[in-house]
Amino acid sequence: MTVDHAFAQRFAGEWVAAWNARDLEGVLAHYTDDVVFSSPRVVTVLGDPSGEVRGKEALRAYWSKALALLPDLRFTLESVRVSVDTIVIDYRNERGVAVSEALTFRDGLVHRGFGAYGPES
């Protein structure tokens, strides 16, 4: 699979739309069963100091809990960047915080992801 700008833009648009619709299954459809995702929000939401979730079921549980805590969740896409097998999605969340997600693909699905957050306004 080639990760190019067309793929990245299409993916980011679908990804943001699914999040904004609170369509967790729509978001998860883009991830492998053995996905590994790291974020400082994992520490906050789950209390797991590793900041990491492993597997789609663990990711579903984490994001379900996060969505319940964020009834006003909304992402505004700012930019998308491409690497060899990775895209970086830059967006602002409902609080205006700058966020970047680096997502690495295998066979067309995300198998590794990292969330990085700017300072709170």
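**View 1. Strand 5 meets strand 6 (residues 109-117).** Eight bridges hold this antiparallel pair together. Look for Phe105, whose bridge partner in strand 6 is Val110. Strands here, and helices too, are DSSP runs numbered from the N terminus (E, at least two residues, for strands; H or I, at least four, for helices). Two strands count as a pair if DSSP finds at least two bridges between them. What you're looking at is a predicted model, in which local features need pLDDT of at least 70 and side-chain atom pairs count only at pLDDT 80 or more, while totals for chains, interfaces and linings use all residues. Residues are numbered from 1 along each chain as its sequence is written, and side-chain values use heavy atoms, with hydrogens and water left out.

**View 2. Strand 4 and its two partners.** Five of the seven residues of strand 4 (residues 86-92) are buried, so the rest of the structure largely encloses this strand. Buried means under 20% relative accessible area, exposed over 50%, and partly exposed in between (1.4 Å probe, protein chains only). Strand 3 (residues 76-82) runs antiparallel to strand 4 and is joined to it by six bridges; the two form a hairpin with three residues between them. Strand 5 (residues 98-106) is also antiparallel to strand 4, with seven bridges. Tyr91 is a handy landmark: Leu77 stands opposite Tyr91, and Val99 is the bridge partner of Tyr91 in strand 5. The hairpin of strand 4 and strand 5 has five residues between the strands, and there Gly96 takes a positive phi near 80°.

**View 3. His30 in its loop.** Find His30 in the loop between helix 2 (24-28) and strand 1. His30 is buried, with a relative accessible area of 16%. Leaving aside neighbours within four places in sequence, His30 is in contact (heavy atoms within 4.5 Å) with Phe11, Glu14, Leu109 and Val110.
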